[in-house]
Amino acid sequence: MKGETCVKSAIKEWVDDCIEKLNAGELTETDLRGVTDILGKKKQLILYLYSKSTNLRSPLGGWAVYDATAPDEPVLPSQDAPYTSVLDAVNDGWRIVQFPRPELYNFTDVDNAYLTYEFILEKFV
């Protein structure tokens with residue numbers, strides 16, 4: 001919600017500025033249209049969460065965050081998972097855009113099943 005807080009703060013600052021200009025008789029149409037600049041500065045973040053099962057409450061086995069304005073490499077903000085489960089991420093404003101399809105993961109001869117249940121989420125900040 002950090003990005004949402006920044007947008008709310010910017011809008012509050014813009015409104016306060018417009019009120020000052022209104023009281024001084026200096027408010028213009030350009031001033032009023034300024035909020036579209038603030039709202040238009042959102043960027044999309046993509047969050048890959050690798051769950052231990054298809055259950056939204058399952059613990060996570062891995063994750064990566066992609067920021068459209070950053071280099072192409074995914075970012076691991078820390079060694080600690082950003083959430084305890086996919087459901088926790090959804091409760092924090094992330095939207096699921098892809099659920100895992102277990103039939104795609106047939107790793108009978110490889111011991112890497114801990115990354116099999118990939119959820120892809122998005123958030124605009």
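In what order do the 4 strands of the open sheet stand? The views below start there; the model is predicted.

**View 1. The open sheet has 4 strands in the order 2-1-4-3.** The pairing is antiparallel. Strand 2 (60-67) and strand 3 (95-98) stand at the edges. Each edge strand has a single partner, so one side of each is left without a neighbour in the sheet. From one strand to the next, the twist averages 30 degrees.

**View 2. Strand 1 pairs with strand 4.** Strand 1 covers residues 44-51, and strand 4 covers residues 117-124. Their antiparallel pairing runs over 8 bridges. Gln44 stands opposite Phe124 of strand 4.

**View 3. Tyr48 and Tyr66 form one of the 2 aromatic pairs in the structure.** The ring centres of Tyr48 and Tyr66 are 5.5 Å apart. Tyr48 lies in strand 1 and Tyr66 in strand 2, so the pair ties together parts 18 residues apart in sequence. Tyr48 is partly exposed, at 22% relative accessible area. Tyr66 is also partly exposed, at 31%.

**View 4. Phe99 and Phe119 form an edge-to-face pair.** Their ring centres lie 5.8 Å apart. The angle between the planes is 70 degrees, which is over 60, so the pair counts as edge-to-face. Phe99 sits in the loop between strand 3 and strand 4, whereas Phe119 belongs to strand 4. The pair therefore ties together parts that are 20 residues apart in sequence.

**View 5. Is Phe119 buried or exposed?** Phe119 is buried, with a relative accessible area of 0%.

Technical notes: Residues are numbered from 1 along each chain as its sequence is written. This is a predicted model: local features need pLDDT of at least 70, side-chain atom pairs count only at pLDDT 80 or more; totals for chains, interfaces and linings use all residues. Side-chain values use heavy atoms; hydrogens and water are left out. Two strands pair if DSSP finds at least two bridges between them. Helices (H or I, at least four residues) and strands (E, at least two) are DSSP runs, numbered from the N terminus. Axes are lines fitted to C-alpha atoms, for helices over the stretch in contact, and angles run from 0 to 180 degrees between N-to-C directions. Rings of Phe, Tyr and Trp (its six-membered ring) pair if their centres lie within 6.5 Å; planes under 30 degrees apart count as stacked, over 60 as edge-to-face and the rest as tilted. Buried means under 20% relative accessible area, exposed over 50%, partly exposed in between (1.4 Å probe, protein chains only).
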